[in-house]
Amino acid sequence: RGGEGGVREAPEGEGESESQPDWISSLSSTESFVVSGICDGSLRLFDQSDAFQQVGYVKAHAGPVQCVSSVEMEGNDKLLIASGSMDQTLLMHMVNKKNQVNLHAVCSGGHMSSVSSTKLLSTGSGTASLASGDWDGGFCVWNVPTSSNESSESSSKKRKGVASQDVQEVTPQFFLKAHASNISGIVGAYQNSNVLLTSSWDHSIKSWDLESQNNILTLNGAKVATCIGRCHNSDVVATGHPDCTVRLWDMRSNTKNEGSLFD
């Protein structure tokens, strides 16, 4: 709201927010929901239209959740959640209309270390793909099964604690040694669903063509990149760093080794 001279004042909270059982390690939001990943291995679902009340919960991992990504699937009114953990597991959960969080797929055969970043991408018509990065710089892309009997590359199996539900076991479309160290973030490129951008503790920001599985651009900085976000209308990205600095990068390039860092 406006104060004297038109200066906007900081909003005031009405009481304390609901406390969580452990550190909140990751967050993801859609138009309707916010999903939090907790260091006790749980995922918690909050309804944005109901004062951020918690409406769903699942104990997903045996170790701390490192990353979470969510997308509302077109045409079926379901929320898909992907989460990676320090226990080296990468899982997909589906939220139904009753806000029940059910295990949907287990990603196996890809990462051999802590899963530190993940990104769900809606591909339209109720389908999606998943990208993930790990502590050692490994990068995987996965198909997201849309039903319990889909995909010749997936096998149906039962999981403990999931009653009468077929859970897919999914193997990666491909695996790349993308960085020399931890992949700290993944974002999709602007207006190009075939390109992903990654940040890493190896000080670099990279652009990847998923169809050719090639690195099409690498920009190197002087500091560890701990997170990444993209401008809503271009391939300018921002990264966070341990030196309390936010850096902007121009990833708009068609030729390797082009692009720039905005100082």
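At 41% relative accessibility, Trp-135 falls in the partly exposed class, and in this predicted model that residue takes part in one of the two aromatic pairs that were counted. The partner of Trp-135 is Trp-201, and because the two ring planes stand at 65 degrees, with the ring centres 4.9 Å apart, the pair is classed as edge-to-face. Both members of this pair sit in loops: Trp-135 in the loop between strand 10 (127-134) and strand 11 (138-143), and Trp-201 in the loop between strand 16 (192-200) and strand 17 (204-209), so that distant parts of the chain, 66 residues apart, are linked. Trp-201, with a relative accessibility of 34%, is likewise partly exposed, since that class lies between the limits of 20% for buried and 50% for exposed.

The other pair joins Phe-139 and Trp-208, whose ring centres are 6.1 Å apart and whose planes meet at 20 degrees, so this pair counts as stacked. Phe-139 belongs to strand 11 and Trp-208 to strand 17, and the pair therefore ties together parts that are 69 residues apart in sequence. Phe-139 has a relative accessibility of 0% and counts as buried, and Trp-208, with a relative accessible area of 6%, is buried as well.

These pairs are set in a chain whose secondary structure comprises 22 strands and zero helices. Of its 263 residues, 48% count as buried, while the accessible surface of the chain amounts to about 13700 Å², with 46% of that area belonging to carbon and sulfur atoms. Among contacts in the chain with a separation of 6 or more, 43% are accounted for by residues 24 or more positions apart.

The largest pocket has a volume of about 510 Å³. Its lining is made up of 24 residues, of which Ser-117, Ser-184, Gly-185, Ile-186 and Ile-228 are the closest to the pocket centre. Two or more lining residues are given by each of strand 1 (24-29), strand 5 (65-73), strand 9 (115-124), strand 15 (183-189) and strand 19 (227-230), and the largest share, five residues, comes from strand 15.

Note on methods:
Residues numbered from 1 in each chain as written. Predicted model: local features only at pLDDT ≥ 70, side-chain atom pairs only at ≥ 80, totals over all residues. Heavy atoms only, no water. Phe/Tyr/Trp six-rings, centres within 6.5 Å; stacked < 30°, edge-to-face > 60°. Helix = DSSP H or I, 4+ residues; strand = E, 2+ residues; numbered from the N terminus. Buried < 20%, exposed > 50% of the residue type's maximum accessible area, 1.4 Å probe, protein only. Contact = heavy atoms within 4.5 Å. Areas by Shrake-Rupley, 256 points an atom, 1.4 Å probe, with all protein chains shown as cover. 1 Å grid on protein atoms, 1.4 Å probe; cavity = no way out; pocket = protein on both sides within 12 Å on 5 of 7 lines; lining within 4 Å. Points joined across faces, edges and corners; volume = space filled by probe spheres on them.
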